[in-house]
Amino acid sequence: WYTICNFITDRVPVQYVGKDFYKYFPFARSNQNKLYMVYHRLFDIICSLLGLILSLVLIPFIFIGNLLGNRGSLFYKQERIGKNRKSFQIYKFRTMVKNAEVNGAQFATKNDSRITAFGKFLRKSRLDEFPQFYNILKGEMSIIGPRPERPVFVKQLSEKIPFYETRHVVNPGLTGWAQVKTKYGESELDSLRKLQYDLYYIKHRSLFLDLRIIVKTLSTIVFFKGQ
């Protein structure tokens with residue numbers, strides 16, 4: 001059943017593995033393949049440099065849109081958890097109203113009222129993510145990997161979802177298998193589903209899977225399917 005579910009759904013069925021999880025969860029050989037890891041880092045550096053150059057071209061237009069539509073700071077930073085549970089500051093173009101979390105940390109939802117009109121455009125086009133090319137250039141993130149989560153949610157989800165911490169064995173990513181296969185995570189059940197895709201990526205990590213993710217990501221950007 002594990003093998004069938006894994007093949008059909010493109011995700012690791014964590015709830016069916018139980019205490020024998022690691023017996024059924026060998027890491028992909030690519031994680032120890034030096035050639036693959038060199039390619040992965042070179043790909044990150046080249047893409048992040050191109051992304052930062054494009055950001056410099058777009059930033060005047062984003063600045064004007066932010067001035068009119070967001071009326072606040074252009075950039076936004078937030079603590080996230082990366083590889084080996086190391087924390088870092090992630091950078092984004094701001095998409096929410098000021099003091100969006102006066103009532104404490106909360107997951108972003110599909111029709112989140114905290115997101116400004118211009119912020120919706122930035123999210124749909126994925127332009128809000130462009131400052132993260134700086135995180136990638138620094139080596140804190142990769143182009144592809146599990147989405148980095150906030151410490152408060154990592155703590156909360158690790159206590160309730162088995163093997164959640166396993167997603168921290170690789171660099172978090174700007175895009176990833178979970179990002180292209182699922183929508184917003186608005187509940188613990190959604191987070192479990194996303195984790196299954198993250199684990200599938202770590203288990204089957206390869207050049208072919210990376211290319212599938214890039215194609216799906218570009219499709220999302222070109223056809224304006226971001227959230």
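How many residues has the largest nonpolar core, and which of them have the most contacts inside it? The core has 34 residues, and Trp 177 and Tyr 201 have the most contacts inside it. Helix H7 (residues 188–204) gives the most to this core, with 6 residues. A nonpolar core here is a set of buried Ala, Val, Leu, Ile, Met, Phe, Trp, Tyr and Cys residues joined through side-chain atoms within 4.5 Å. Buried means under 20% relative accessible area, exposed over 50%, and partly exposed in between (1.4 Å probe, protein chains only).

The model is predicted: local features need pLDDT of at least 70, side-chain atom pairs count only at pLDDT 80 or more, and totals for chains, interfaces and linings use all residues. Residues are numbered from 1 along each chain as its sequence is written, and side-chain values use heavy atoms, with hydrogens and water left out.

Select Trp 177. Beyond its neighbours within four places in sequence, Trp 177 is in contact (heavy atoms within 4.5 Å) with Asp 10, Tyr 197, Tyr 200, Tyr 201, Leu 209, Arg 212, Ile 213 and Lys 216.

Next, show the secondary structure. The chain has 8 helices and 4 strands, as DSSP runs numbered from the N terminus (helices H or I, at least four residues; strands E, at least two).

Strands S1 (residues 75–81) and S2 (residues 87–93) run antiparallel and are joined by 7 bridges; strands pair if DSSP finds at least two bridges between them. Ile 81 has Ser 87 in S2 as its bridge partner. In this hairpin, 5 residues lie between the strands, and Asn 84 takes a positive phi near 55°.

Finally, select the whole chain. Of its 227 residues, 46% are buried.
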